[in-house]
Amino acid sequence: MNELRLRIADLRRAKGLTQGQLADIVGVSFQTISKWENGGAMPDITYLPVLAKYFDVSVDQLMGLVPLPNEEYIPAVTETAQFWKQKMEYLIRSRKNSFNDDYAEFLIRNVWKIDRPVNVLDCGCGLGFLGTLFMPYLPKGSTYTGIDMTEQLIEEAKKIFEGTDLETKFLTKDVTEYQGFGKYDIVLCKAVLRHLNDPKGFLKKIIEFAKKDGLVICIDSNREFECDGLYVDGMDYFTLCRHDGMDKHWRTELEQQGRDYAVAMRTAHMMRDLGLRDVDVRMNDKVNFITPQNSDYEQIKQDFLQHNDWFGNQSKEGRERAIAFLESHGMTRKEAEWFCDRNSVIKDFFDKNPDAGYTFVKGTLISFGKK
């Protein structure tokens, strides 16, 4: 019973009917309609197809297992500057947990074989993390330009690079409006494509910024890798890896909004389609092994919980908003409730086990090719 949320009242009101009028149509008393709507009783199975046919919905929609056809898709907003402005403190603290410096050096010297000064453009640079990661290993005389639409992130990036001898420039601008065509030896982006409504269009745009024979690099993570890449010491690994209904969520976002949960897997193929040559893919070797032995364990853990929206003791209103969002993205009510409950279980486990450690592998792919 708790897994169902009969939509009879919503459908009745949408048609402008009273409970008595609907009762006459179905052939029951208005008290029966009232009980169905307030959860006091369930309709007999013989009434379900009658109600569904009258309201022109499926039985699953009538029972609240999938959204009603007139319920609007609630778009994700991670493509906006406002979203990233609110994430700034997290981004500042989490930079060092996404890449190993020695692997960055290996890529530059052994994979990309960069042995002369280069001009680098970082599209959607945020705090300029890739500048701090790669510039120390690039040949002397190299330059780094970061471009991002979030002014607060750009101002913070400037502070991060103050006092260094690195030649840097930062622009507050939408990448799609930038006109620096054919200027750069290396054009790159990190954790950008997965948040966009048109990732291939963005990739096509940033390729234009590369010189002939220039290198285009895209670093991103596959959502399904992330779901399978978590282990919390003391928790059931199979429960942690379950993501019932997320395939529907991801597919709905792709169909409704163009956001591609698997864009990291597809990037190299898009690069080939857009004319890049010598396309290849590497995987970042970073694994986060977090225990109380980490000097900043508590902060890393709290950031991780917050970033993944693993919340405990959520308000009834907040829970319903989360469920409504997931339902609008294709999940059934049951799947959305389970997902929210699973998130609360993870948060509650950490609250009850303050020294619990965890291992997290994002499975970040690094796709690159030459123009």
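This is a predicted model: local features need pLDDT of at least 70, side-chain atom pairs count only at pLDDT 80 or more; totals for chains, interfaces and linings use all residues.
Residue numbers start from 1 along each chain as its sequence is written. Local features need pLDDT of at least 70, side-chain atom pairs count only at pLDDT 80 or more, while totals for chains, interfaces and linings use all residues, and side-chain values use heavy atoms, with hydrogens and water left out.

**View 1. The open sheet has seven strands.** Their order is S3-S2-S1-S4-S5-S10-S7, with mixed pairing. Strands (E, at least two residues) and helices (H or I, at least four) are DSSP runs, numbered from the N terminus, and two strands pair if DSSP finds at least two bridges between them. At the edges sit S3 (167-172) and S7 (277-283), each pairing on one side only. From one strand to the next, the twist averages 15°; angles run from 0 to 180 degrees between N-to-C directions, along axes fitted to C-alpha atoms, for helices over the stretch in contact.

**View 2. Strand S2 (residues 143-148) pairs with S3 in the parallel sense.** Six bridges join the two, and Tyr 144 stands opposite Thr 168 in S3. Helix H10 (residues 151-161) packs on the sheet and touches S2 and S3, contact meaning heavy atoms within 4.5 Å. The direction of H10 makes about 165° with that of S3.

**View 3. Helices H2 (residues 19-26) and H4 (residues 48-55) pack at about 115°.** Their axes are 11 Å apart. That angle makes H2 roughly perpendicular to H4 (65 to 115 degrees counts as roughly perpendicular). Leu 22, Ile 25 and Val 26 of H2 meet Leu 51, Tyr 54 and Phe 55 of H4.

Methods: Angles under 35 degrees count as roughly parallel, over 145 as roughly antiparallel, 65 to 115 as roughly perpendicular and the rest as oblique.
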